[in-house]
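Colleague: Put the model up, please. I have a list of geometry questions.

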2 protein chains.
Amino acid sequence: MKVVILAGGGGTRLFPLSRSWLPKQFLEFDGKRSLLGLTLERAMGIVRPSDLVVVTNPKHRDRVMLELESVGALGAHLVLEPVGRNTASAVALGASYLLNLGVPRGEVILVAPSDHIMGPAGEFVGAVDKACELALRGRWVVFGVRPAGPETGYGYIEVGGPVGPGFLVRSFREKPDVESARAYAEDPRYYWNSGMYCLTLGCLMDQLERHMEDLYRLVSRGYDEFISAFADSPSVSIDRGLAEKSSDGAMVPFNGDWSDIGSWDAIYKWLQKDGDGNVISGDCVALNCEGSLIMGQGRLIAALGLRDMLVVDGGDAILVAPRNESQRVGLLAEKLASLGGRELPELLAGCVNGVSCRSLIRGVGYDVTEVQVKPGGAIDPHHHAKSSESWGVIEGKARVTIGNREMTVLAGDGVWVPVGESCRIENVGDGPLRLVVVRIGHKVFGG
Amino acid sequence: MKVVILAGGGGTRLFPLSRSWLPKQFLEFDGKRSLLGLTLERAMGIVRPSDLVVVTNPKHRDRVMLELESVGALGAHLVLEPVGRNTASAVALGASYLLNLGVPRGEVILVAPSDHIMGPAGEFVGAVDKACELALRGRWVVFGVRPAGPETGYGYIEVGGPVGPGFLVRSFREKPDVESARAYAEDPRYYWNSGMYCLTLGCLMDQLERHMEDLYRLVSRGYDEFISAFADSPSVSIDRGLAEKSSDGAMVPFNGDWSDIGSWDAIYKWLQKDGDGNVISGDCVALNCEGSLIMGQGRLIAALGLRDMLVVDGGDAILVAPRNESQRVGLLAEKLASLGGRELPELLAGCVNGVSCRSLIRGVGYDVTEVQVKPGGAIDPHHHAKSSESWGVIEGKARVTIGNREMTVLAGDGVWVPVGESCRIENVGDGPLRLVVVRIGHKVFGG
């Protein structure tokens, strides 16, 4: 079996923590593992690293590599989508990559989104076993989850009679209204659609040929040509493009906890609460608060009398909303664009070359960013024609090259890089290099 | 007539904007004038600058001087309280200062807090005229305001029959419960106590002699001795120490708008609202919000579905609360102390030597502050044994002296001051010098 992990998604529903450079799958909610990391760990409970194919976006390559390294899965395959084209094309790309490697059409693939949570591991392994059995009988298999409530943010699967260790799929129902959701939640024939699929490579190709002819035509040209023509690939989900149209599906129930973590409210529900039903992290003083998610970062959050609220500090942006409004966070980007053609603030540079950034504050004429460089990593020579930069080392050991001058800067000290000078910063210590960077100049922001 | 302006108060009810170094009277809510500035302007509608006496705290001296300068009142007298001792002692100190100057006991003084708002100016002048008339007849006069609602945060004055252009004072009622407040608001005999008084110096002395013997004994030794012994002065308000005990009072109604701006809710009520009843300033995207006060500063606030909420970004701290909880902001300091012996974050240095500071963010091992230096002002030589500092010039022209080295730094550039080095920064330009300062080192914060 091979596992195709979909890690290319963007999205702003978890703004201000998620941004286009830091989508949901890279966020760590337990402070230890990102959602992608948890997904990789789950997959490695079933297959070896070399059986993993991670499909992602080129701009996330370095971050995915860090994730693979951190769970000991550097042997995994990385497939880069030239452009984002939703899940049907991403799955097809992963499959095409595997076929190109010589993997036979009879091989079963497990398709897994990387931004969901699920557990326990035993249930997962059991469900995959059942799905594999059905896949080998020629079915495509979707994993269903017993509804824990009348959730309107999920798609539902209606099942029919049993087939092997699962059930026949009768229909898919996209995000329903509250009334329908309530009926589905009480009806044993309905399951949440987890977005995880299990099927053979051959079955996938057959289904594409039957239901997504455009995509099939591209895939059948072979991997290299598919990659070149990937921009022409349809932008549609595998649920809508394939599963909803096909009558050859089966469903295997996953009897554990599952969430697609699609909103701050879902994260609140997942995280451990204190006696007042609050989830509080970071520097926070909360007085008379209940049922609230408060995530601090770098500054004190003083919360008073909050009921079922969200307060999330994302460095250069902060979100405040009632928990039950959290489905609408994605609309903020549109609203901002309509206000003045602006976009949600983007993180300075994301993660490249072992460097990750987090924008802390922007003022008129300056901005401040926290930067981490992993051992051996470097910030490549760069210069800003209209701004100068201060690089302060909070932790670690840096070799800084300004023009021809080279110097070593230790924790507790820093350098100024004047306007127009080029600068390179390298982590020459054993541990992480943590820097706080101030950029000053009228082209920086708002000036 | 002389005007004694009380500008020494502290307080954290408007945290995170107000701090002990930046109390309410120095905050600007209209972006133009601080509450003290507005008070000074009102007073200058009645008297000349040289008739003004501002009583304040030594640590606020420089900021008060800036305020006096900005309204063209540098001719005013400044009286510094050696320690804070509430309003009765502050008024006595102002009076003692005037008597020491040779002002006769028959002179009328207007005592005005500096952290209230009121208007329009015409009503104010008219009320002061009436109060003056009564004061010259030997009465102490308090200004009353017709209750605009059953406010429980104010003190109330019960009046009796008319006396001259005012009414006799029958009693004072401190902050009442809701039921009493409702009754008072509907009863024409009750007024809000504005905390403004009008009386002759002689009347004040007589009343102190009769009702506050301790304080009278200190005042009667003369100004210099009073200042020396000021720490022994009682810490009680003029309302409680004198007015509540005396039967010689009169009340003059002030028929305009008045607020003591004692909570964020009061500020919300005072400020101009948009069509959805929101007051929004700074960088903010608000979606489906109503009746909310959202004050941004340096980072984007994304507000979603807020109803009657407060979101105030104060740089290194942010407040989130329902508007009707805003009376409890003062309790945050206690809660924080009880959590871990911590205090509310203080601004780096307040305003001394023409320098004002605003803390932007604190992380583990670093903090970032925005600093303004007025022309000719300087940050005195200082050094930090365990931290180094980056000084970036956003605007203006600085002469920087590190050890023996002197250099000029222009906007868009900066310097690093290594650990243990001493440093002096002087504004040598014509306009303001604006700097962003990063301190790095394990003794800075949290490291």
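Colleague: What pLDDT do local features need?
Modeller: Residues are numbered from 1 along each chain as its sequence is written, chains are lettered from A and ligands numbered from 1 in the order in which they are written, and side-chain values use heavy atoms, with hydrogens and water left out. This is a predicted model: totals for chains, interfaces and linings use all residues, side-chain atom pairs count only at pLDDT 80 or more, and local features need pLDDT of at least 70.

Colleague: By how much are neighbouring strands of the 6-stranded open sheet turned against each other on average?
Modeller: The order is β12(A)-β14(A)-β16(A)-β17(A)-β15(B)-β13(B), with mixed pairing. β12 (279-281) of chain A and β13 (284-287) of chain B are at the edges with a single partner strand each, so one side of each has no neighbour in the sheet.

Colleague: How many residues apart are A:Tyr154 and A:Trp192?
Modeller: The structure holds 22 aromatic pairs over all chains (Phe, Tyr or six-membered Trp rings with centres within 6.5 Å; planes under 30 degrees apart are stacked, over 60 edge-to-face, the rest tilted). A:Tyr154 and A:Trp192 form an edge-to-face pair, at 4.7 Å centre to centre and 70° between the planes. A:Tyr154 is in the loop between β6 (140-145) and β7 (156-163) of chain A, while A:Trp192 is in strand β9 (190-200) of chain A, and the separation is 38 residues.

Colleague: Are A:Tyr154 and A:Trp192 buried or exposed?
Modeller: Buried is under 20% relative accessible area, exposed over 50%, and partly exposed in between (1.4 Å probe, protein chains only). Both A:Tyr154 and A:Trp192 are buried.

Colleague: Which elements hold B:Tyr156 and B:Tyr184?
Modeller: Their rings form a tilted pair, 5.1 Å centre to centre with 55° between the planes. The pair ties together parts 28 residues apart in sequence, because B:Tyr156 lies in β7 (156-163) of chain B and B:Tyr184 in α5 (178-186) of chain B.

Colleague: How far is the charged end of A:Lys273 from the ring centre of A:Tyr268?
Modeller: A charge sits over a ring if Lys NZ or Arg CZ is within 6 Å of the ring centre and within 35 degrees of the ring normal. B:Arg146 lies over the face of B:Tyr191, at 5.3 Å. For A:Lys273 over A:Tyr268, the distance is 4.9 Å.

Colleague: What is omega for the peptide bond between B:Gly119 and B:Pro120?
Modeller: B:Pro120 is in the loop between β5 (117-119) and α4 (121-136) of chain B. The bond is cis, with omega about 0°.

Colleague: What is phi of A:Asp308?
Modeller: A:Asp308 is in the loop between β15 (300-304) and β16 (309-313) of chain A. It is not a glycine, yet its phi is positive, about 55°.

Definitions and conventions:
Pairing = 2+ DSSP bridges. Helix = DSSP H or I, 4+ residues; strand = E, 2+ residues; numbered from the N terminus.
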